[in-house]
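Please look at the sequence and the 3D view before reading on.

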Amino acid sequence: MTEETKFDQVEITRPGDPAAVARPSRTSWREAAIADHFVQFYRDDSLLAEAAAGFIGSGLQKVEGGIVIATQPHRQALDERLAAQGVDVPAARARRQYVSLDAEETLARFMVNGRPDEVLFMHVVGSVVTRMVSAGF
């Protein structure tokens with residue numbers, strides 16, 4: 001792969017898959033199974049917000065939970081797109097179905113010497129997941 005090669009998406013792969021290399025793909029996140037990893041790269045923030053809103057909005061409409069860790073501008077763009085899809089964002093937050101965290105603040109809580117600390121990560125992010133599961137999502 002040359003440095004000039006750019007992908008809009010990378011193929012879905014299972015954890016531990018020896019074939020987990022960057023390959024051009026048009027795979028949809030809708031095809032991802034529970035244990036899959038799915039990576040997408042965006043040249044434009046509006047495309048990122050659109051894709052994230054599609055993913056999170058789909059889950060919220062199915063009464064599933066959604067956790068987002070992003071910068072303030074990205075969270076705002078996502079919330080606007082969710083609202084445009086008919087999602088009542090304040091109500092989803094109040095139900096603890098939708099949690100939106102600031103990326104810089106969240107990272108600062110589990111990074112140690114420039115690297116993620118597993119115990120802190122599990123405490124910071126795991127506690128959010130635990131509260132969401134406790135709320136039934």
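The report covers a helix pair and an aromatic pair.

## Basis

This is a predicted model, in which local features need pLDDT of at least 70 and side-chain atom pairs count only at pLDDT 80 or more, while totals for chains, interfaces and linings use all residues. Residues are numbered from 1 along each chain as its sequence is written, and side-chain values use heavy atoms, without hydrogens and water.

## Helix 1 and helix 2

Helix 1 spans residues 45-61 and helix 2 spans residues 72-84; their axes are 8 Å apart and meet at an angle of about 55°. The two helices are therefore oblique to each other (under 35 degrees is roughly parallel, over 145 roughly antiparallel, 65 to 115 roughly perpendicular, and the rest oblique). Their crossing is right-handed (the near helix is turned clockwise from the far one by less than a right angle).

On the helix 1 side, the contact includes D45, L48, I56 and L60, and on the helix 2 side it includes H74, L78 and R81 (contact means heavy atoms within 4.5 Å). By class, this contact has 9 nonpolar, 3 polar and 3 charged residues (Ala, Val, Leu, Ile, Met, Phe, Trp, Tyr, Cys and Pro count as nonpolar, Asp, Glu, Lys and Arg as charged, and the others, Gly among them, as polar).

## The aromatic pair

The whole structure holds 1 aromatic pair (ring centres within 6.5 Å). The ring centres of F110 and F121 are 5.0 Å apart and the planes are at 90°, so the pair is edge-to-face (planes over 60 degrees apart). F110 is in helix 4 and F121 in helix 5, so the pair ties together parts 11 residues apart in sequence.

F110 is buried, at 7% relative accessibility, whereas F121 is partly exposed at 33% (buried is under 20% relative accessible area, exposed over 50%, and partly exposed in between).

How values were computed: Axes are lines fitted to C-alpha atoms, for helices over the stretch in contact, and angles run from 0 to 180 degrees between N-to-C directions. Helices (H or I, at least four residues) and strands (E, at least two) are DSSP runs, numbered from the N terminus. Rings of Phe, Tyr and Trp (its six-membered ring) pair if their centres lie within 6.5 Å; planes under 30 degrees apart count as stacked, over 60 as edge-to-face and the rest as tilted. Buried means under 20% relative accessible area, exposed over 50%, partly exposed in between (1.4 Å probe, protein chains only).
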